[in-house]
Amino acid sequence: MHVQFIFQKQLSHYKKQIDQLFSLAFEDNHPFKIEPELLGAALLFSNNRLIACGFVYLRDMSQQNLRFKAGIVGGVAVHPDNRKLGYCRKIMQCLDKVLQHSNVTHSFLFAYQTYIPMILQDAKSARQIVPRC
């Protein structure tokens with residue numbers, strides 16, 4: 001069992017397996033989409049079954065006068081039956097190597113929470129919780 005990095009052009013061959021993993025790993029079903037900034041994915045198979053994955057995107061960014069090449073990691077998923085076995089670490093190590101070879105100077109982990117507690121759904125309540133910038 002090892003992690004393999006698959007570049008964007010070949011990922012469409014794995015779409016069905018990625019969508020199946022996403023439906024098991026995440027509460028909401030959001031299908032995998034190939035975006036223009038997607039460099040590729042780290043995929044981990046066991047007995048020809050996808051059990052973990054993670055994606056890396058490249059983007060030229062700037063903050064004030066600083067321009068840099070950013071790497072964005074997202075879509076990291078592990079099959080529920082295979083958690084707590086170090087597979088996420090293997091995926092992240094592979095993606096880190098890809099970012100280093102891509103001359104990325106700054107990297108970010110893209111994570112989100114699909115469930116928003118009721119207290120934050122009310123705009124008035126949200127203003128009380130979220131500080132002003």
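Author: One definition first: buried means under 20% relative accessible area, exposed over 50%, and partly exposed in between (1.4 Å probe, protein chains only). This is a predicted model: local features need pLDDT of at least 70, side-chain atom pairs count only at pLDDT 80 or more, and totals for chains, interfaces and linings use all residues. Residues are numbered from 1 along each chain as its sequence is written, and side-chain values use heavy atoms, with hydrogens and water left out.

Reader: Okay. How many helices and strands are in the protein chain?

Author: The protein chain has 5 helices and 5 strands. Helices (H or I, at least four residues) and strands (E, at least two) are DSSP runs, numbered from the N terminus. Along the sequence the pattern reads β-α-α-β-β-β-α-β-α-α.

Reader: How much of the chain counts as buried?

Author: Of its 133 residues, 33% do.

Reader: Let's take helix α2. Which of its residues are buried?

Author: Helix α2 covers residues 15-25, and its buried residues are I18, D19, L21, F22 and A25.

Reader: Why do they end up on the same side of α2?

Author: They cover an arc of only 165° around the axis, which puts them on the same side. The arc is that of the directions from the helix axis to the C-beta atoms. An α-helix has 3.6 residues a turn, so residues three or four places apart point the same way.

Reader: And what covers them?

Author: The cover includes α1 (8-11), β2 (38-46), β3 (49-63) and β4 (66-78).

Reader: Which residues have the most contacts inside the largest nonpolar core?

Author: They are L11, I18, F22, F32, L43, C53 and F55, in a core of 17 residues. A nonpolar core is a set of buried Ala, Val, Leu, Ile, Met, Phe, Trp, Tyr and Cys residues joined through side-chain atoms within 4.5 Å. α2, β2, β3 and β4 each supply at least two residues of this core. A second, separate core has 16 residues, including A42, I51, A52 and L95.

Reader: What does F32 touch?

Author: Not counting residues up to four places away in sequence, F32 touches L11, K15, I18, D19, F22, L38 and F55. Contact means heavy atoms within 4.5 Å.

Reader: New topic. How many salt bridges does a search of the whole structure find?

Author: The search finds 2. A salt bridge is a side-chain nitrogen of Lys or Arg within 4 Å of a carboxyl oxygen of Asp or Glu. One joins the side chains of K15 and D19, at 2.6 Å from N to O. Both residues lie in α2, 4 residues apart, about one turn of the helix. K15 counts as partly exposed, at 32% relative accessibility.

Reader: And where do E37 and R59 lie?

Author: Their side chains meet in a salt bridge too, 2.8 Å from N to O. E37 lies in the loop between α2 and β2 and R59 in strand β3, so the pair ties together parts that are 22 residues apart in sequence. E37 is partly exposed at 33% relative accessibility. R59 is also partly exposed, with a relative accessible area of 33%.

Reader: Cysteines next. Is C53 buried or exposed?

Author: C53 counts as buried, at 0% relative accessibility. This residue lies in strand β3. Leaving aside neighbours within four places in sequence, C53 is in contact with L21, F22, A42, L43, G75, V76, A77 and I91.

Reader: Last one, α3. Which residues are buried there?

Author: In α3, Y87, I91, C94, L95, V98 and L99 are buried. Seen down the axis, they fall within an arc of 140°, so they line one face of the helix. On the other side, R89, K97 and Q100 are exposed.

Reader: What do the buried residues of α3 pack against?

Author: They pack against β1 (3-7), β2, β3, β4 and β5 (106-109).

Reader: How far apart are the end C-alpha atoms of α3?

Author: They are 22 Å apart. The expected span of a helix is 1.5 Å times one less than its number of residues. N103 follows α3, with a positive phi near 60°.
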